[in-house]
Amino acid sequence: MIQLLFMVIAMEASMVVVLLFKTPLRKLVIMGLDRLKQGRGPLMVKSVAGTLLVVLSSSVYSMVKIKNRGIDDGGSVNPTDQVLMAKHLLEATLMGAVLFLALMIDRLHHYIRELRVRRKTIEAVKKQTRGAEDGKVEEIKAMEGETAKLRAEVKRLESELEVKTKEVDVFEANVVALRKQSEGFLLEYDRLLEENQNLRNKLQSFDRGLSRSSSKKNT
């Protein structure tokens, strides 16, 4: 599951990068998102998001349960619980990143579509203004006022898109840090597994020694 989450995060991050730059590939991505939001697409997306939220809540609940169990045992957590804690923490972090990136893609898609609609409206207003008669001064002024409003709206949308772009850059940096942290978690997970196995081997050796001592005393 962890590898699958990493793959989903990489795919979503790539889609965010594609949406930020005006390329033919962005058109394909936007067309795909448009089709995804038609028919049963939104229901499927909501179902997947709901499932991720349920699994995320389960992981958080498991971490809280392990932590409370450690507190009840006097503040000490055994190696098995440490391994489970690290696993649940990694999964919860990755699922949160997947949901955040999905929300970011949805917002970027919405702003890009709205920006296109505004630009088409401005172009239509310009054509109407060019074809207007010279005697309709008041009508032309009204159109120019509407054009000014639309331009202000476009500037506002472009500024919002710029802000979102900066947020995406920050999030990409966070994703890189998250990957490094996840690698650290995996190394810690392997180390804890090895320690756990060593402890079991020592315990088995100790049990064998005790059984041998008991057999010698009986004889």
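Please keep in mind that the model is predicted. A handy place to start is helix H4, which spans residues 79–130 and also holds Leu108.

- Leu108 sits in helix H4 and counts as buried because its relative accessible area is 1%, under the 20% cut-off.
- Leaving out residues up to four places away in sequence, Leu108 touches Val16, Leu19, Leu20, Leu161, Lys164 and Val168.
- Beyond its neighbours within four places in sequence, Ile122 is in contact with Leu150, Arg151 and Val154.
- Ile122 and Glu146 are separated by 24 residues in sequence, with 8.8 Å between their C-alpha atoms.

**Helix H3: Ser59**

- Ser59 belongs to helix H3, which runs over residues 41–72.
- With a relative accessible area of 3%, Ser59 is buried.
- Setting aside neighbours within four places in sequence, the contacts of Ser59 are His88, Glu91, Ala92 and Met95.

**Helix H1**

- Helix H1 covers residues 2–20, a run of 19 residues.
- From first to last C-alpha, H1 reaches 27 Å, close to the 27 Å expected at 1.5 Å a residue.
- The buried residues of H1 are Ile2, Leu5, Ile9, Glu12, Ala13, Val16, Val18, Leu19 and Leu20.
- Val16, Leu19 and Leu20 are also partners of Leu108.
- As background, an α-helix has 3.6 residues a turn, so residues three or four places apart point the same way.

- Leu28 lies in helix H2, residues 24–36, and is exposed, with a relative accessible area of 55%.
- Together with Leu25 and Met31, Leu28 forms a nonpolar patch on the surface, and the three share about 300 Å² of accessible area.

**What the UniProt record says**

- An unreviewed UniProt entry gives the annotation "transmembrane region" to residues 6–22, 43–64 and 84–105.
- In the model, residues 43–64 are 100% helix and 0% strand, with end C-alpha atoms 31 Å apart.
- Residues 84–105 are likewise 100% helix and 0% strand, and their end C-alpha atoms lie 32 Å apart.

Note on methods
Residues numbered from 1 in each chain as written. Predicted model: local features only at pLDDT ≥ 70, side-chain atom pairs only at ≥ 80, totals over all residues. Heavy atoms only, no water. Helix = DSSP H or I, 4+ residues; strand = E, 2+ residues; numbered from the N terminus. Contact = heavy atoms within 4.5 Å. Patch = residues over 30% accessible without salt bridge, like charges linked within 9 Å, V, L, I, M, F, W, Y side chains within 5 Å. Areas by Shrake-Rupley, 256 points an atom, 1.4 Å probe, with all protein chains shown as cover. Salt bridge = Lys/Arg side-chain N within 4 Å of Asp/Glu carboxyl O. Buried < 20%, exposed > 50% of the residue type's maximum accessible area, 1.4 Å probe, protein only. UniProt positions renumbered as here; feature names shortened; annotations may be inferred. Expected span 1.5 Å × (residues − 1).
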